[in-house]
Structures are given as C-alpha cells and as structure tokens.
Amino acid sequence: MAMVSRFSSLPSARRTQLGKHKSFVINPICSIHYNSQSNAISPFTEKHSAERYQRDSWLYKGNLEESSFCQLPSDSNSIRDYDIALQLPELKKLLQVLKERRQNVVGIGGNEQRGPGNVFLVGTGPGDPELLTLKALRVIQSADLLLYDRLVSNDVLNLVNPHARLLYVGKTAGYHSRTQEEIHELLLSFAEAGATVVRLKGGDPLVFGRGGEEMDFLQRQGVEVKVIPGITSASGIAAELGIPLTHRGVANSVRFLTGHSRNGGTDPLFVAENAADPDSTLVVYMGLSTLPSLASKLVRHGLPPTTPAVAVERGTTPQQRVVFAELKDLAQEISLHQLVSPTLIIIGKVVALSPQWGADHGEDASLAESKETSNV
C-alpha cells in the first residue's frame, strides 16, 4: 500500500524501496528562483521556467519569488531534492484531504468498501492543442490531480480545469524532476486515496512514453488504468509537412526508432541491419545527439547517403522549425541551425514528397521558416 510517509522519501529514491530525503533550511524569500524571461519562446514546460512554478504554485505556498540573488544548491541532484522538499508539505496535505473525503463518503454509505480511484494515461499529441482528442479534453477537465511531462504543451495545459492541481514530473537530459519510480509512487498514492489522477504525456503514452511501465506497475497494485491515445509525433508532424509515412511504390512500411543511447552516450541504442531498407520510412524520436552515429550506421548497412531526410524542432507548435537535407548532410545542417529538443527526424524517400522539399531541391539543406513568422 502507498502511504503518506512514502512522500518523505521521494527525493533520493533510486529503487522501489525509497530512502530518506535531504534536509534543507528554507528561506521563504528566495526558496525558488526562476527567471520570467528564460525559455520564453518554448511552447513546452522547461525545468526552471516561470510558467512551471506559477502553474504548480499551490505546491510552494509563499516560497516562490522571482529573484536574481537566490542561492540554490550548485548541482542538479541537490536542486531536485531541494525542490521536492518544498513540495512535500502540500502533497501530504492534499493526500490527507482526499483520504478524509473518501472516508466520509464511505461512512455515509455504511460499510460499503470503496476501491481506489482511476488513473488515466492521456496522450496530448505533439503540441498543437487542436490535435487533442475530445476524450482527452473531457478527462483533463474533470481530474483532481494531473502529473504532466515536459512535452505537454503550454497551450494544452491551459485547457485544464482551473480547480485541478498540477504537478510537473518532466525529464530533460541531465535533470529528472522525478525518477520513474517516484512517478509510480505518486500515481499509486493518490489513486489509493480515491482521486481521479491524470498522467499527461506528449504524443501517445504508449509510444516511447513509458506508459506501459506505469500501467503495468499500477495494475499489479490493483489500480485500474485507462489509456487515452494521442496523436504520436510521427503522425502529427508528418501530416504538418505533407509527408506520407507510407506511399505506394515509395515506402511500404514505417519504423519508429528511439535515438536514446544507453547511459546518455552518442551511440544509438540499437540499429538493426534491416532498418536501412530504402523502401521503408524511419522515424527517429529523441535522436539529436545520436544522429551522426545513426546516419553512418544506416549508410554502412546500405541506405543511400542521398536519402531525403528532415528534422523538425517543436513540431506543430508556433515555434516549429524544419531542416530538410540528404541523410549525409542532415547532422551538419542540424548543428548549423542549432536545433534543440524536442526534434523529430524522418528519413526516407517519402520526405521528398513534401511540398517543402521542392522539385528542384539541390545538395544544400533547406531551412523552412518557423510557423511563428510565416503564419503557416
């Protein structure tokens, strides 16, 4: 069973059995230092942005200040532990309120036992709020608590019920606001208290979203999990660019790959020889850092270096940027234009079917204008 006391161990957890968190002396004047100007152009929730702390302000209760003089711990792990230490009192308080409410309802009904609340794994698509499904919208507007990832766009979060509680659990390279095990425990604790909990994920929760892990954990604890699919980035972004992922006579299959490498290195996790099929479309998620190695392996396995390819930063949002290039040049062009995460990469002959590729596409890469400036 998940207990309130488990929250006291969340910050330093590395396994299911969690350890005790560090102690911090909280200065209410500058407990959380955020910069209201930083990451202003991002459509997503960046780790220390003003939007994140303002959205989750219920967790901090007077410990939020915009200040340029606040001293926080110097390393990312200590910052993470410090942040969670500030949140724990309100998390415990909310959990206790939900438990008391549940007990009162059971008391009114006599001896009837009430089971745990529901957990919804909700996909929010690649960023454009108009790609959100009607079912997803209905659920996020009726939730008690929403745990949201970094790649749930700000525009989607603006649709959440204003009375709901939001909790950021996003991950970026080098900074995980919550470990996966801690996310499991949060979902379980609030579900056992009878809450309707929504786990918001960018794209589709079961496509490189670790939704399967969360579903498996909760179901083994007796908690019902309902999955609401979202438009995965591959589909949403390809449609935005007019790229058919499959096309008769051009590509007879599509393959999704993760660009993540083990332990944060630059070598792709796995590239099978048949991934270099010229009659297939490859879609690479999270592949910015590993693309140079991936591209060379694909060419080594027989994929022509002149294969059309595209990299799309922040696809379907107003800040979308697009780089078209042949496979042999794509990594260089991405570096030249300084694309940042999240960037989706599509490799295959179907890319040349995009109106933006152009019939006269030469050897040089073509950088499409951002949606923000072109009003596309």
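**The second largest pocket and its surroundings**

Analyst: The lining of the second largest pocket divides into six nonpolar, three polar and six charged residues. This is a predicted model. The pocket has a volume of about 220 Å³. Its lining counts 15 residues, and Leu94, Arg101, Asp144, His163 and Arg165 lie nearest the centre. Helix α2, residues 76-108, gives the most to this lining, with six residues.

Asp144 leads on to Ala195. Leaving aside neighbours within four places in sequence, Ala195 is in contact with Asp144, and also with Leu98, Gly117, Asn118 and Phe190. Ala195 sits in the loop between α5 and β8 (197-201). Is Ala195 buried or exposed? Ala195 counts as buried because its relative accessibility is 0%, and the cut-off for buried is under 20%. Ala195 and Pro116 are 79 residues apart in sequence, yet their C-alpha atoms are 7.6 Å apart in space.

Phe190, a contact of Ala195, belongs to the largest nonpolar core. That core has 29 residues, and Val119, Leu147, Phe190 and Leu218 have the most contacts inside it. Helix α2 supplies at least two of the core residues, as do β3 (119-123), β4 (145-148), α5 (180-192) and α6 (211-220). In soluble globular proteins, nonpolar side chains tend to be buried together.

Take Leu218 in detail. Not counting residues up to four places away in sequence, Leu218 touches Val119, His184, Leu187, Leu188, Val223 and Val225. A second, separate core has 21 residues, including Val271, Ala311, Val323 and Ala325.

Now helix α7, residues 233-241. Its buried residues are Ser233, Ala234, Gly236, Ile237, Ala238 and Leu241. An α-helix has 3.6 residues a turn, so residues three or four places apart point the same way. Just after α7, Gly242 takes a positive phi of about 75 degrees.

Some loops carry backbone features to check. Phe208 is not a glycine, but its phi is positive, about 55 degrees. Phe208 lies in the loop between β8 and α6. Phe208 counts as partly exposed because its relative accessibility is 37%. Arg314, in the loop between β12 and β13, is another residue other than glycine with a positive phi, near 55 degrees. Arg314 is buried, since its relative accessible area is 10% and buried means under 20%. A cis peptide bond joins Ser341 and Pro342, with omega about 0 degrees. Pro342 is in the loop between α9 (327-337) and β14.

Last, the whole chain. There are 10 helices and 15 strands. Of the 376 residues, 50% count as buried. Among contacts between residues at least 6 apart in sequence, 73% join residues at least 24 apart. The accessible surface comes to about 17700 Å², and carbon and sulfur atoms account for 50% of that surface.

Terms used:
Residues are numbered from 1 along each chain as its sequence is written. This is a predicted model: local features need pLDDT of at least 70, side-chain atom pairs count only at pLDDT 80 or more; totals for chains, interfaces and linings use all residues. Side-chain values use heavy atoms; hydrogens and water are left out. On a 1 Å grid over the protein atoms alone, a cavity is a set of points where a 1.4 Å probe fits but cannot get out, and a pocket is an open set with protein on both sides within 12 Å along at least five of seven lines; lining residues have an atom within 4 Å of a point. Grid points are joined across faces, edges and corners, and a volume is the space filled by probe spheres set on the points. Helices (H or I, at least four residues) and strands (E, at least two) are DSSP runs, numbered from the N terminus. Ala, Val, Leu, Ile, Met, Phe, Trp, Tyr, Cys and Pro count as nonpolar, Asp, Glu, Lys and Arg as charged, and the others, Gly among them, as polar. A nonpolar core is a set of buried Ala, Val, Leu, Ile, Met, Phe, Trp, Tyr and Cys residues joined through side-chain atoms within 4.5 Å. Buried means under 20% relative accessible area, exposed over 50%, partly exposed in between (1.4 Å probe, protein chains only). Contact means heavy atoms within 4.5 Å. Accessible areas come from the Shrake-Rupley method with a 1.4 Å probe; for residues, only the protein chains shown count as cover.
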